[in-house]
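Student: I have a new structure to look at and would like to go through its side chains. Can you put it up?

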Amino acid sequence: MSGVEGIGIHDEIRERRSDFEDSEDERQRSKIDTLENKAINASSKFTHSLKKRGETKIDNRVPSVSIEEVRDAQEETAVLELRQKLCERGSLPARHDDYHALLRFLKARDFNIEKTIQMWEEMLRWRKEYGADSILEDFEFEELEEVLQYYPQGYHGVDKEERPVYIERLGKAHPSRLMRITTIDRFVKYHVQEFERTLQEKFPACSIAAKRRICSSTTILDVQGLGMKNFSPTAANLLATLSKLDNSYYPETLHRMYIVNASTGFKNMLWPVAQKFLDAKSVAKIQVLEPKDSYKLLEVIDSSQLPDFLGGSCTCPVEGGCLRSNKGPWKDPDIMKLVHNSEGTFVRQITRVSSDQQNFRPGIQLRPSKGRFSDTSTPESGSDIDDPCSPLGQRSSTYSRSDPVHEEVRVLESNGYYSCDESIPGAEKAVKSDNSRHTEDQPLQNC
């Protein structure tokens, strides 16, 4: 009996041990399930938190804007060649590394590379000596309000192609009185300051409003009442100084000019004299209109954008009228947020057109920026291989012919957006798309 009892006791012990082990396994599994559930819940909360943060970020982002550019293939080839040579000479500061700026200087020298280099380097020397890069901040033209009384002028609206319109009422100008208020040197500084403001603010604002690249302006000179009394030696000196400065340092920014209300005396006497201060290219862009032909302005400028004294319907209610209003896209606070805001996103749609008008769009090797855009790229993307100004970049930088290219640029500074620099942070390869037009709205960093 003792043997049987011993066997029974051992069986009971084994059963209890088995029950205990089963119970322990259940407790362990329960603990694991609990931990898994906690981990899943925590992960869900974290993911939800990230999603909410991401949604909030997107909601708070400045809207993206698509800017269309059409580039001539031969012009682009010339710009790339000029850029390469300027890089080799150390004559391409980051803030001036701009596709359209280079193109303007090439056009001014009929695409002669050597002459363009000489003109470009003279411009850089002048900017350094004159302080043009900081003139918006450093110079204050306190006498402006008085000056405008004796030299009425200003920007007002845009033409039908969204270019800014600049107007001067030369017939109401009084050079002798003007020189009692200011000096030629100070007026020239004011002129340079306004040119910089146009490049850094007005052209970008017009580009955003038009959703295409705007790089030039339309000018109207109202010469009603202009006679020899207005065209004094002082006026001639001022005209010569401004013309030389514009042609040398801000070339190809004039799209067209209309001289309106031109009398027979102006056409026969003053206009031939004035032409001597202008280069042939500028003269070719100028159309002289007699009073009976002033209606032609309405063919290029909408009535609502043209002051009533020029045949339009605009009568700005501000003191001083239309020329004091500074009316234009650059007065729109939402547009100027995009021009100045570091969070603004811009998508450039670049279409390249060959000389025979056949559309083709080369893929562009997107390179990290060196100074104009913030450098958030990887170490590899910031290597010399990606920089065409480096010895390695000179051999490896390629612009292959391929599909449409959509480039996105995010503004960092007021003039950063307006740059046409192909350097975009964090991108090391060409971006391609199909033949349909579309925009890519991705957060990047800042014409």
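This is a predicted model: local features need pLDDT of at least 70, side-chain atom pairs count only at pLDDT 80 or more; totals for chains, interfaces and linings use all residues.

Student: Fine. How many salt bridges does the count come to?

Tutor: The count comes to 22 salt bridges. In general, side chains of opposite charge can pair when their charged atoms come close.

Student: Start with R213 and E69. What is the N to O distance in their salt bridge?

Tutor: The side chains of R213 and E69 meet at 2.6 Å, N to O.

Student: Are R213 and E69 buried or exposed?

Tutor: Both R213 and E69 are buried.

Student: And R324 with E145, where do those two lie?

Tutor: R324 and E145 form a salt bridge of 2.7 Å, N to O. R324 belongs to helix α13 (residues 322–325) and E145 to helix α6 (residues 144–150), so the pair ties together parts that are 179 residues apart in sequence. R324 is partly exposed, at 30% relative accessible area, and E145 is also partly exposed, at 46%.

Student: What about E161 and R163?

Tutor: Their side chains meet in a salt bridge too, at 2.2 Å, N to O. E161 counts as partly exposed at 33% relative accessibility, whereas R163 is buried, with a relative accessible area of 12%.

Student: Where else does a charged end sit over a ring?

Tutor: The charged end of R169 sits over the ring of F309, and the distance to the ring centre is 3.8 Å.

Student: Change of topic. How many residues does the largest nonpolar core have?

Tutor: The largest nonpolar core has 70 residues. Those with the most contacts inside that core are W120, F187, Y250, I259 and F266. Helix α8 gives the largest share of the core, 11 residues.

Student: Pick I259. What is it in contact with, leaving aside its neighbours within four places in sequence?

Tutor: I259 is in contact with L221, V223, F266, W271, I286, Q287, V288 and L289. There is also a second, separate core of 12 residues, which includes I167, Y258, L306 and L323.

Student: Now the rings. How many aromatic pairs are there in the whole structure?

Tutor: A search of the whole structure finds 13 aromatic pairs. One of them is W126 with Y130, which is stacked, at 5.2 Å centre to centre and 20° between the planes.

Student: Where do W126 and Y130 lie?

Tutor: Both lie in helix α4 (residues 113–130), 4 residues apart, about one turn of the helix. W126 is buried, with a relative accessible area of 10%, but Y130 is partly exposed, at 23%.

Student: And Y151 with F187, what are the numbers there?

Tutor: Y151 and F187 form a stacked pair, 5.4 Å centre to centre with 15° between the planes. Y151 is in the loop between α6 and β2 (153–158) and F187 is in helix α8, 36 residues apart, and the pair links distant parts of the chain. Y151 is buried at 9% relative accessible area, and F187 is buried at 2%.

Student: Which residues form one aromatic cluster with W126 and Y130?

Tutor: F195, Y249 and Y250 are in that cluster with W126 and Y130. Y250 is also one of the residues with the most contacts inside the largest nonpolar core.

Student: Last one, D159. Where is its place?

Tutor: D159 is in the loop between β2 and β3 (164–169).

Student: Why does D159 count as buried?

Tutor: Its relative accessibility is 3%, and buried means under 20%.

Student: What does the side chain of D159 join to in a polar contact?

Tutor: A polar contact of 2.8 Å joins the side chains of D159 and T218. Leaving aside its neighbours within four places in sequence, D159 is in contact with V165, T218, R256, V300 and I301.

Methods:
Residues are numbered from 1 along each chain as its sequence is written. Side-chain values use heavy atoms; hydrogens and water are left out. A salt bridge is a side-chain nitrogen of Lys or Arg within 4 Å of a carboxyl oxygen of Asp or Glu. Buried means under 20% relative accessible area, exposed over 50%, partly exposed in between (1.4 Å probe, protein chains only). A nonpolar core is a set of buried Ala, Val, Leu, Ile, Met, Phe, Trp, Tyr and Cys residues joined through side-chain atoms within 4.5 Å. Contact means heavy atoms within 4.5 Å. Rings of Phe, Tyr and Trp (its six-membered ring) pair if their centres lie within 6.5 Å; planes under 30 degrees apart count as stacked, over 60 as edge-to-face and the rest as tilted. A charge sits over a ring if NZ of Lys or CZ of Arg is within 6 Å of the ring centre and within 35 degrees of the ring normal. A polar contact is a pair of N or O atoms within 3.5 Å; within protein, one must be able to donate a hydrogen and the other to accept it, and residues adjacent in sequence count only if both atoms are side-chain atoms.
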